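Please look over the model below before reading on.

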Amino acid sequence: MSLGDINLVVTADALIREYATAAYVNEGCGVLLGRFQGGRVEVVDATSGNNLNIERARDRYILDPADIVRADREARARYLDIVGFWHSHPDHPARPSDFDTDHAWVDYVYIIVNTTADGAGDLNGF
């Protein structure tokens, strides 16, 4: 799946960039809310999560399971689904690392955004 298969609404894009910038110099992470529509995914909102990976927060994230549960409750209340997850790559390209692809859940969208001291840059999905 690529960004061509993902309809990322402007407000969700802005939220991801805001949350990622706030997490810099560490990896930020969160949940994507939206709808599965056949072979496409619509992302209408994003949440910010807590990165539990203290030792390697600069280049790894572990999204707090409580944040996933909270996002699931929010999604259900709004008749949405959890459609995926986002995280940032501080000072690295917005493309999945081997670690990212090895740990990705099947059938979910993953969005990665590059961050620098100047803010959020490239954003890509897989």
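Predicted model: local features only at pLDDT ≥ 70, side-chain atom pairs only at ≥ 80, totals over all residues.

Q: In what order do the six strands of the open sheet lie?
A: Strands here are DSSP runs of E with at least two residues, and helices are runs of H or I with at least four, both numbered from the N terminus. Two strands pair if DSSP finds at least two bridges between them. The pairing in this open sheet is mixed, and the order is β1-β3-β2-β4-β5-β6.

Q: Which strands stand at the edges of the sheet, and why is one side of each left without a neighbour?
A: Strands of a sheet pair through backbone hydrogen bonds, either parallel or antiparallel. Two strands of this sheet each have a single partner strand, so one side of each has no neighbour in the sheet. These edge strands are β1 (6-8) and β6 (119-125).

Q: By how many degrees are neighbouring strands of this sheet turned against each other on average?
A: Axes are lines fitted to C-alpha atoms, for helices over the stretch in contact, and angles run from 0 to 180 degrees between N-to-C directions. For neighbouring strands of this sheet the direction is ignored, and the average turn is 30°.

Q: Which residue of β3 is the bridge partner of G34?
A: β2 and β3 are antiparallel and share six bridges. They form a hairpin with two residues between them, and G38 in the turn has a positive phi of about 65°. On β3, the bridge partner of G34 is V43.

Q: How many residues of β3 are buried?
A: β3 also pairs with β1, in parallel and through three bridges. Buried means under 20% relative accessible area, exposed over 50%, and partly exposed in between, for a 1.4 Å probe and protein chains only. β3 is mostly covered, and of its seven residues the number buried is six.

Q: Which residue of β5 is the bridge partner of F85?
A: β4 and β5 run parallel and are joined by seven bridges. β5 (residues 109-116) also pairs with β6, in the antiparallel sense over five bridges. The bridge partner of F85 in β5 is Y110.

Q: At about what angle does helix α1 run to β3?
A: Helix α1 covers residues 10-23 and lies across β1, β2 (29-37), β3 (40-46), β4, β5 and β6. Its angle to β3 is about 55°.

Q: Is N114 buried or exposed?
A: N114 lies in strand β5, where seven of the eight residues are buried. Contact means heavy atoms within 4.5 Å. Leaving aside neighbours within four places in sequence, N114 is in contact with residues including H89, D91, G119 and D122. At a relative accessible area of 15%, N114 is buried.

Q: Where does D107 lie, and is D107 buried or exposed?
A: D107 is found in the loop between α3 and β5. Its phi is near 75°, a positive value in a residue other than glycine. With 65% relative accessibility, D107 counts as exposed.

Q: What is the volume of the largest pocket?
A: On a 1 Å grid over the protein atoms alone, a cavity is a set of points where a 1.4 Å probe fits but cannot get out, and a pocket is an open set with protein on both sides within 12 Å along at least five of seven lines; lining residues have an atom within 4 Å of a point. Grid points are joined across faces, edges and corners, and a volume is the space filled by probe spheres set on the points. For the largest pocket, that volume is about 310 Å³.

Q: Which element gives the largest share of the lining of the largest pocket?
A: The lining has 14 residues, of which Y61, L63, H103, W105 and Y110 lie nearest the centre. Elements giving two or more residues are α2 (65-77), β4 (81-90) and α3 (98-103). The largest share is three residues, and it comes from α3.

Methods: Residues numbered from 1 in each chain as written. Heavy atoms only, no water.
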